[in-house]
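I opened my notebook today to look up a few things in a structure. Here it is, so that you can follow along.

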Amino acid sequence: MFKNKFSIGDILEGTNRKFNEAYHYVVFYAGNTDDDFCGGFITTSPKYQNIPMKSEHFESGHKIGYNNSYLAAHKFIKLKDWGPYTKVGRLTREGIQFMEEKIGELQAVLYTDYIKKLNLNK
């Protein structure tokens with residue numbers, strides 16, 4: 001039995017919040033957090049082709065809501081070792097559709113590989 005059952009659009013906070021780990025809030029996409037899973041992440045940076053989000057993409061009444069938020073322009077492999085994960089928010093139906101349209105067809109990559117691709121280590 002899985003301990004951590006999340007649904008697409010759940011916004012999660014990882015326990016290990018180092019920059020190359022679960023530093024940003026994770027948006028659950030697919031899998032199970034008892035194993036490595038796929039997701040996006042939310043940032044306040046418009047850099048690196050991050051995609052602006054709208055307030056209507058976020059359910060109200062959670063720890064995290066819209067706060068000048070951007071969806072990172074890629075789908076990422078989120079490692080179970082960065083958890084356990086806690087649900088701190090949720091995207092609305094419109095927010096889930098937005099995420100699926102923007103990153104749904106992309107191949108998931110590790111964040112460290114994404115950084116190398118963008119040459120962010122310079």
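Which exposed residues sit on the face of α1 turned away from its buried side? I found R93 and E101 there. Exposed means over 50% relative accessible area, buried under 20%, and partly exposed in between, with a 1.4 Å probe and protein chains only. Helices (H or I, at least four residues) and strands (E, at least two) are DSSP runs, numbered from the N terminus.

A note on the source: this is a predicted model, where local features need pLDDT of at least 70 and side-chain atom pairs count only at pLDDT 80 or more, while totals for chains, interfaces and linings use all residues. Residues are numbered from 1 along each chain as its sequence is written, and side-chain values use heavy atoms, leaving out hydrogens and water.

Next I listed the buried residues of α1, which spans residues 93-103: G95, I96, F98, M99 and I103. I noted that they lie on the same side of α1 because they cover an arc of only 160° around the axis, taken from the directions from the helix axis to the C-beta atoms. They pack against β2, β3, β4, β5 and β7.

Then I turned to the largest nonpolar core, which has 16 residues. Such a core is a set of buried Ala, Val, Leu, Ile, Met, Phe, Trp, Tyr and Cys residues joined through side-chain atoms within 4.5 Å. I saw that α1 gives it the largest share, 4 residues. M53 is one of the members touching the most others. Beyond its neighbours within four places in sequence, M53 is in contact (heavy atoms within 4.5 Å) with residues including I42, L91 and F98.
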